[in-house]
Each structure stands twice: as C-alpha cells, then as structure tokens.
Amino acid sequence: MKIIIADKSHTKYANAICDTIADAAKDRGTGIAKRKPEYIIDKMEKGNAVIALESDDFAGFCYIESWGHGKFVANSGLIVHPNYRGQGLAKKIKKAIFDHSRAKFPNSKIFSITTGLAVMKMNSDLGYKPVTFSELTDDQTFWNGCQTCKNYDVLQRTEQKMCLCTGMLYDANSEENKSKKEFKGKAFKRLKSIKQALFLKKREKK
C-alpha cells in the first residue's frame with residue numbers, strides 16, 4: 001500500500017472516488033458533500049490531494065481546499081474504498097493530507113467539519129480543537145459546498161451558526177501548538193548534544 005500526493009496520472013480514478021463518496025453517504029445516512037469528477041481532477045492536477053493505492057487499485061483519497069485567500073484550508077473528502085476498510089488506512093491518509101497541508105500552506109489554519117466520531121478522534125490526535133462555526137472561514141463559497149448535504153436545511157435555519165457537523169480547527173500559532181513545537185525543538189537539541197557527547201567519549205577512548 002502506498003499513499004502519495006496525487007497528480008494528473010491519477011485522474012483515471014476520479015469517477016471511482018466520486019462513486020465511493022456517494023455510496024458512503026448513503027450507507028452512513030449522514031451528510032457528505034458530493035463532488036463531481038471534474039472537481040476531483042482539478043485537485044489532483046494542482047497537487048492538492050493524496051491518494052492511497054494497492055498496486056493499481058484505488059484504496060483511499062482526501063483533498064485540500066483553500067478558503068479566504070489562503071487564510072484557511074480544509075482537508076475534505078476523506079474516503080476509503082470498502083475493500084480496504086478496517087485496516088487503519090483512513091488514519092494514515094488523514095496524517096498524510098495534514099502533513100501535506102502544513103507543508104504547502106504553512107501560514108494557514110486547517111479546519112474540518114464532520115459528523116463522524118472516528119474523524120473527530122483523528123483530528124484531535126493531530127492537534128485540532130472543537131470550535132464554533134464563527135471561528136471557521138467566512139468564505140461563502142465553502143458553505144455553498146454544503147448544499148449537496150442532506151442536512152443543509154439545518155445550516156440554513158441556523159444562519160450558518162451550527163449544524164449536525166462539529167467544527168474543528170488546527171492553528172499552528174496557538175499557544176498550545178507553539179509550546180509543543182518548542183518542546184520538540186528543545187528535546188531534539190538535547191538528544192543531539194547527548195549523541196555528540198557520546199561520540200566524543202568514544203573518540204577519546206580510542
């Protein structure tokens with residue numbers, strides 16, 4: 001199994017990806033925004049997606065959306081083909097698209113809206129925090145994308161303040177994530193100094 005950044009060579013999987021997303025929405029009975037193959041192809045050609053492949057078979061997928069002139073990005077359309085579920089693949093794809101988002105959009109906040117408990121757990125493990133919808137992008141194009149969701153009427157009735165989805169946000173510049181980054185940096189420096197000391201000790205013995 002390989003998880004890689006998708007490109008134009010993977011556009012042949014676009015229809016299968018869209019069908020898998022649509023089938024998952026029916027099976028779960030929850031709101032998943034549908035996407036057309038052209039939309040998925042555009043994400044692949046711009047390097048804004050990751051795809052999981054088992055040999056030449058499509059196994060999973062997720063893509064990046066950018067909103068508010070790059071102030072926010074979202075990891076959307078996370079899907080695993082039924083043949084490859086129950087193997088922890090969704091978590092690996094989520095981590096891959098998260099890392100790709102941070103590398104490609106280092107100054108953006110990463111957000112997610114989901115009804116799935118499993119996705120909420122994955123987000124939480126990556127450092128996302130639950131937030132109100134008012135803390136997410138105000139780019140209306142994003143919210144218009146929810147129109148294909150079966151719960152869109154709820155979003156309309158609440159004037160986009162809440163829905164059945166939970167909003168989650170990762171902000172690399174939050175105090176908590178800054179502290180984690182500083183701690184990792186200090187830990188790395190300490191480990192490096194210990195290794196250097198051990199190396200010098202070995203040289204002295206020789």
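## Cysteines without bridges

Keep in mind that this is a predicted model. Searching the whole structure turns up zero disulfides. As a reminder, a disulfide is a covalent bond between the sulfur atoms of two cysteines. Take Cys 146: the closest cysteine sulfur to its own belongs to Cys 149 and sits 6.5 Å away, so the pair is too far apart for a bond. The cut-off for a disulfide is sulfur atoms within 2.5 Å.

| Residue | Relative accessible area | Class |
|---|---|---|
| Cys 18 | 9% | buried |
| Cys 146 | 13% | buried |
| Gln 160 | 25% | partly exposed |

Why do Cys 18 and Cys 146 count as buried? Buried means under 20% relative accessible area, and Cys 18 comes in at 9%, while Cys 146 has 13%.

## The chain as a whole

Stepping back, the chain has 206 residues, and 38% of them are buried. If you walk along the sequence, they come in the order β-α-α-β-β-β-α-β-α-β-α-α-β-α. Now look at contacts between residues at least 6 apart in sequence: 66% of these join residues at least 24 apart.

How do α3 and α4 pack? Helix α3 covers residues 89–104 and helix α4 covers residues 117–126; their axes are 11 Å apart, at an angle of about 45 degrees. That angle makes α3 oblique to α4. The crossing of α3 past α4 is right-handed.

Which residues do the touching? From α3 come Ala 90, Lys 91, Lys 94, Lys 95 and Phe 98, and they meet Val 119, Met 122, Asn 123, Asp 125 and Leu 126 of α4. Sorted by type, the residues in this contact of α3 with α4 are five nonpolar, four charged and one polar.

## A loop residue and its neighbors

Last stop: Gln 160, which lies in the loop running between α6 (152–157) and β7 (166–170). Is Gln 160 buried or partly exposed? Its relative accessible area is 25%, so Gln 160 is partly exposed.

Leaving out residues up to four places away in sequence, Gln 160 touches Phe 133, Gln 140, Trp 143 and Leu 155. One of these, Phe 133, is 27 residues from Gln 160 along the chain, yet their C-alpha atoms are separated by 7.3 Å.

Definitions and conventions. Residues are numbered from 1 along each chain as its sequence is written. This is a predicted model: local features need pLDDT of at least 70, side-chain atom pairs count only at pLDDT 80 or more; totals for chains, interfaces and linings use all residues. Side-chain values use heavy atoms; hydrogens and water are left out. Axes are lines fitted to C-alpha atoms, for helices over the stretch in contact, and angles run from 0 to 180 degrees between N-to-C directions. Helices (H or I, at least four residues) and strands (E, at least two) are DSSP runs, numbered from the N terminus. Angles under 35 degrees count as roughly parallel, over 145 as roughly antiparallel, 65 to 115 as roughly perpendicular and the rest as oblique. A crossing is left-handed if the near helix is turned anticlockwise from the far one by less than a right angle, and right-handed if clockwise. Contact means heavy atoms within 4.5 Å. Ala, Val, Leu, Ile, Met, Phe, Trp, Tyr, Cys and Pro count as nonpolar, Asp, Glu, Lys and Arg as charged, and the others, Gly among them, as polar. Buried means under 20% relative accessible area, exposed over 50%, partly exposed in between (1.4 Å probe, protein chains only).
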